[in-house]
Structures are given as C-alpha cells and as structure tokens.
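This report goes through helix packing, a sheet, aromatic pairs and local backbone features. The sequence and structure come first.

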Amino acid sequence: RSGCFRHRFFMDGEISEVFDFIALKRSVGEYIDSLHLEPGDRIPTENKLCRKFEASHYQVRKVLAELNAERGWVTIQGSGTYIPGGLERRPRERVIAVVRSYLHDMITQMSDAHSLALENKYQFLLFGIDHAEIVAEQECLEHLLTRRLHALVIDPHPGNPKMRETLDRFVAQGTRVVLLNGSEELRRRYPTYSFNYHRAGYMALVQLMRQNVRKVIHIAPYNSIAWQHEEFRQGVDEASADFSFPVERMFGKMMLDVRSFRWSWQPQEFQLPLEDGCGYIDDNDPFEASYVQTRLQEAGFRSSPVISVYHTSGPSACATLCFNMNERMKWVVNELIHNAGNLPHEHRFNPVLTPPSESPEPYRVLWG
C-alpha cells in the first residue's frame, strides 16, 4: 500500500513527504518471486503493479527497469516482459532482423525496407558485421536466438563453420530464414535472394570489349573468400572464353592507413599496371575504380576505360554496374510480411549499367 512507501516528517514548520523507492523495489521483487513464474512466463504488467502497490507509473517503471537489469528479463516491445528461457511459450515478436557485412551507407540502402516494416508495425533491426570477424557474427546470431523473431535476413560469412547449425536453430523455433547470398549447401536449404554477380562479370567484360580495347585487366579483391566475388570472376571468365578475349587477373585492394592518411595497396608488392588501349574491371568498390581512372588520365591514356560494380547508382568517375540494394531489401521484406506460405526458393536481381558522371573531377580530390 502507498502508506508503506510514503513517509511524512515535520521540518521548518511544514509537513513534507518522501517516497521510499527501495522499499517499493523490494516489495515488487518479493511479490514477483511469490508468483513462482516459470521460464517464458510474463511478468505482471506495469498497470497491475501500479494498482496493487498504489504507486505511479513512473515509480513502477523505474522499479521494473532496475529489476530487469538485475535479473535479465526479456522485454518484447508491445507484448510485455518475460522470465528468461521458455522461448516456445513466448509470443512471436514482430521483428525482422538483418545481419550483413558492414557498408558505410548501409542505412540508406535499407531505407525503403525499413519504412515498409514500420508501415506494417514490424521492428526492423539492422546489424552491420565486419566480415573479417567470424566471432562477431556468431555472437550476434547467438544473441538473436534468445528472441522469437519473425524473420532473419542474413548475408552469412563463408568461413563460419557453425552457420548451418545456427540457422537450423532459428528455423526450429519458428523464425523464417532468408539468405542474401550463401554456399550451394545453404542455398539448397534456405530461400536465397541474391544479386546476380555472375551476370555482372559477364556484362563488365562485354561492355569493355565494345570500346575496342585490345585486352582487359581485372583487378579482383585481394584475399577475399566472399561468394559474390567468386561469382563475378566466373562471369568474367565465361565471357572471356565465349569471345576468345584476353583477360589478365590481378589481385589487390587499396587500404587507407589512418595514421599517415595515405592509401596503399595490399599486398604491398602490388603494382597498378597502366596501359593505353586496355580496359580495366575493378569489383572492389567505386572509389578504388576512380583511383584507377585518375591514374590512367594522369598518364595521358584516354582510351583505357574503367568499369566498377556497386550497390548504389550515384555519380561515379567511371561506368558502374549497379545493384539496387533498396529494391532487393524492400522486395524481401514485402515477401516476409505478406507471404504467409512458402517463400520463393530463389530470386536473382540483375545489375543495371550506368555511364560515368559528366563531372568526375571531384573524385580527383581523393587521390591528389
């Protein structure tokens, strides 16, 4: 009762009152313990506790927040707070979680999907994982397994040995799993909605051939085991074989040393070949491709076109094969929300070729 937690005292000729928060917290904790709740059971609601202890919503909310932090309860927005464990007894959360390797503009690329989720009263959780850290990805997935998600959308790390086992655990608890890429084994088990990197590689070589180059140099990502890079290389090689056109592949990647703020190549022995009348494919990122373009222009080579691959269609210093990330993610989220049956097992999104920007000069600032 409120009398247990409010104490009056006389000071300076006036009667004052103080609220005993510690006593309320102890009483609420003892009351919840007396209910002998099982894992997965819901904690009494804030409204019920307010009525029982004749306390304000602010006071009860503060008590529950502290007890939650101490006892590790599980809070589901719009549903309530639950005793840890007993996952199968909890209601399913209206949450779509996305786990993929970090990109600097990933939030922008997910904006349409995020808006669609919110319009349909779903939470949209986005996790950007460094794909150099398998442990970070696995820790993220283990955390998500403590919740009953509606869906998990993931671009899985190709070197994670626990990936199949972990995804099977999500499916076992009723979570819908969708891949943005994956090994052949994973693609056979889960719906996969990937970009068609094979087609992009084929298109890149054909586009350069049309510009009357005598050969093509493909600067491929150094030390990468990502499936999309392998598919891209296969596309380039298939076009090379179909048209009997020479392609020289070199592996390198530009890295920024934040201490000296200088760009360098990995591996260190990599030397950028500069040749006139030669086409260049770079599928690392458009900034590296713009560097190649700038060096060719500085050398006076005007007939050496460069083509890049990226996930947005902004202005670029060179021709770019763009994959529309916003379009793909919106399509995936729409399927997860509105398709209650079996999802299409596979869907491939093709790239669109965009020409170089008419004013590529701003890119030269990066390499000045």
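## Helices α10 and α11

Helix α10 passes α11 in a right-handed crossing; a crossing is right-handed if the near helix is turned clockwise from the far one by less than a right angle, and left-handed if anticlockwise. Helices (H or I, at least four residues) and strands (E, at least two) are DSSP runs, numbered from the N terminus. The model is predicted: local features need pLDDT of at least 70, side-chain atom pairs count only at pLDDT 80 or more, and totals for chains, interfaces and linings use all residues. Residues are numbered from 1 along each chain as its sequence is written, and side-chain values use heavy atoms, with hydrogens and water left out.

The packing angle of α10 and α11 is about 45°, and their axes are 6 Å apart. Axes are lines fitted to C-alpha atoms, for helices over the stretch in contact, and angles run from 0 to 180 degrees between N-to-C directions. That angle makes α10 oblique to α11; angles under 35 degrees count as roughly parallel, over 145 as roughly antiparallel, 65 to 115 as roughly perpendicular and the rest as oblique. On the α10 side the contact (heavy atoms within 4.5 Å) involves Y197, H198, A200, G201, Y202, A204, L205, V206 and M209, which meet Q228, E231, F232, Q234, G235, V236, E238, A239, S240, D242 and F243 in α11. By class, the residues of this α10 and α11 contact are 11 nonpolar, six polar and three charged. Here Ala, Val, Leu, Ile, Met, Phe, Trp, Tyr, Cys and Pro count as nonpolar, Asp, Glu, Lys and Arg as charged, and the others, Gly among them, as polar.

## The open sheet

Six strands form an open sheet with mixed pairing, in the order β11-β10-β14-β15-β16-β18. Two strands pair if DSSP finds at least two bridges between them. The edge strands, each pairing on one side only, are β11 (247–251) and β18 (352–354). From one strand to the next, the twist averages 20°. Within the sheet, β10 (residues 215–220) and β14 (residues 278–282) pair in the parallel sense over five bridges, and K215 stands opposite C278 in β14.

Helix α10 (residues 197–209) packs on this sheet and touches β10, β11, β14, β15 (306–310), β16 (319–322) and β18. The direction of α10 makes about 160° with that of β14. Helix α11 (residues 227–243) lies across β10, β11, β14 and β15, and runs at about 160° to β11.

## Two further helix pairs

Helices α2 (residues 21–34) and α4 (residues 57–71) have axes that come within 10 Å and cross at roughly 60°. They are therefore oblique to each other, and their crossing is right-handed. F21, L24, K25, V28, G29 and D33 of α2 make the contact with Q59, K62, V63, E66, L67, E70 and R71 of α4. The residues of that α2 and α4 contact comprise five nonpolar, two polar and six charged.

Helices α6 and α13 pack at about 25°, with their axes 7 Å apart; they are therefore roughly parallel to each other. The crossing of α6 past α13 is right-handed. Residues S111, D112, A113, L116 and A117 in α6 meet N326, M329, K330, V333, N334 and I337 in α13. The contact of α6 with α13 divides into six nonpolar, three polar and two charged residues.

## Aromatic pairs

Rings of Phe, Tyr and Trp (its six-membered ring) pair if their centres lie within 6.5 Å; planes under 30 degrees apart count as stacked, over 60 as edge-to-face and the rest as tilted. The count by this rule comes to 10 aromatic pairs. One of them, Y193 with W331, is edge-to-face, at 4.8 Å centre to centre and 80° between the planes. Y193 lies in strand β9 (residues 192–195) and W331 in helix α13 (residues 325–338), so the pair ties together parts that are 138 residues apart in sequence.

## Backbone features

A cis peptide bond, with omega about 0°, joins Q266 and P267. P267 is in the loop between β13 (262–266) and β14.

K121 has phi near 60°, a positive value in a residue other than glycine. The loop that holds K121 is between α6 (111–119) and β6 (123–129).
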